[in-house]
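User: Can you walk me through this model? I'd like the fold, then the pocket and the core.

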Amino acid sequence: MRRNLINGAAATVVAALALATVSEAVAARKPTKQQLAVIEHRQAQMKQLGGAMKTLAGFARGQGSSVTEARSAAALLSRAGATMPHLWPAGTQVGVGDSSTRASLWKERDAFAQRVAQF
């Protein structure tokens, strides 16, 4: 009976240490307000780019977009291209907040930078 008590106590200590370690790891991964702001800004920019691309595609197909709307969308794309390299700083990768950027972007930073420069 004493052995069972000791084993139970040891198991409780091990479980408590494991829980503390997991809690520390989760707390360490909690994003900062700045990281969350960067991610939210990036997501808003990507939505704007999507809208601009939709406008330009409509214009190219002759479906509803005016010349003025197309020019505005093209200007937005041009401005976005200049700021794009700054939208993905370290610390805002997948798993931080609700970032859903492809993991390959973080692994292939040089290739990504080249594609952004071409944009």
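This is a predicted model: local features need pLDDT of at least 70, side-chain atom pairs count only at pLDDT 80 or more; totals for chains, interfaces and linings use all residues.

User: What does the secondary structure of the chain come to, in helices and strands?

Analyst: The chain has 5 helices and 0 strands. From the N terminus on, the order is α-α-α-α-α. Helices (H or I, at least four residues) and strands (E, at least two) are DSSP runs, numbered from the N terminus.

User: OK. How much of the chain counts as buried?

Analyst: Of its 119 residues, 20% count as buried. Buried means under 20% relative accessible area, exposed over 50%, and partly exposed in between (1.4 Å probe, protein chains only).

User: What share of contacts joins residues at least 24 apart?

Analyst: It is 59%, among contacts between residues at least 6 apart in sequence. Contact means heavy atoms within 4.5 Å.

User: Pocket next. How much space lies in the largest pocket?

Analyst: About 280 Å³. The search runs on a 1 Å grid over the protein atoms alone; a pocket is an open set of points where a 1.4 Å probe fits, with protein on both sides within 12 Å along at least five of seven lines. Grid points are joined across faces, edges and corners, and the volume is the space filled by probe spheres set on the points.

User: Which residues line the largest pocket?

Analyst: Met46, Met84, Trp88, Thr101, Arg102, Ser104, Leu105, Phe112, Arg115, Val116 and Phe119. Lining residues have an atom within 4 Å of a point.

User: How does that lining split by class?

Analyst: There are 7 nonpolar, 2 polar and 2 charged residues. Ala, Val, Leu, Ile, Met, Phe, Trp, Tyr, Cys and Pro count as nonpolar, Asp, Glu, Lys and Arg as charged, and the others, Gly among them, as polar.

User: Which helix supplies the largest share of the lining?

Analyst: Helix 5, with 3 residues. Helix 4 (103-107) and helix 5 (109-118) each supply at least two.

User: Tell me about Met46. Where is methionine 46 placed?

Analyst: Methionine 46 is in helix 2. It touches Met84 and Trp88, not counting residues up to four places away in sequence. Met46 and Met84 are 38 residues apart along the chain, and their C-alpha atoms are separated by 9.6 Å.

User: Why does methionine 46 count as partly exposed?

Analyst: Because its relative accessible area is 31%.

User: Switching to the core. Which residues make up the largest nonpolar core?

Analyst: The 12 residues are Leu49, Ala52, Ala73, Leu77, Ala80, Met84, Leu87, Trp88, Leu105, Trp106, Phe112 and Val116. Helix 3 gives the most, with 3 residues. A nonpolar core is a set of buried Ala, Val, Leu, Ile, Met, Phe, Trp, Tyr and Cys residues joined through side-chain atoms within 4.5 Å.

User: What does valine 116 touch?

Analyst: Gly81, Met84 and Pro85, leaving out residues up to four places away in sequence.

User: Back to helix 2. Is glutamine 45 buried or exposed?

Analyst: Glutamine 45 is buried, at 17% relative accessible area. It lies in helix 2 (residues 33-61). Leaving aside neighbours within four places in sequence, glutamine 45 contacts Thr83 and Leu87.

User: And glutamine 43?

Analyst: Glutamine 43 also lies in helix 2, but is partly exposed at 25%. Beyond neighbours within four places in sequence, glutamine 43 contacts Asp98 and Ser99.

User: Last one. Where does glycine 97 lie?

Analyst: Glycine 97 is in the loop between helix 3 and helix 4. It is partly exposed, at 42% relative accessible area. Glycine 97 touches Pro31 and Leu36, not counting residues up to four places away in sequence. Glycine 97 and leucine 36 are 61 residues apart in sequence and 6.2 Å apart in space, C-alpha to C-alpha.

Note on methods: Residues are numbered from 1 along each chain as its sequence is written. Side-chain values use heavy atoms; hydrogens and water are left out.
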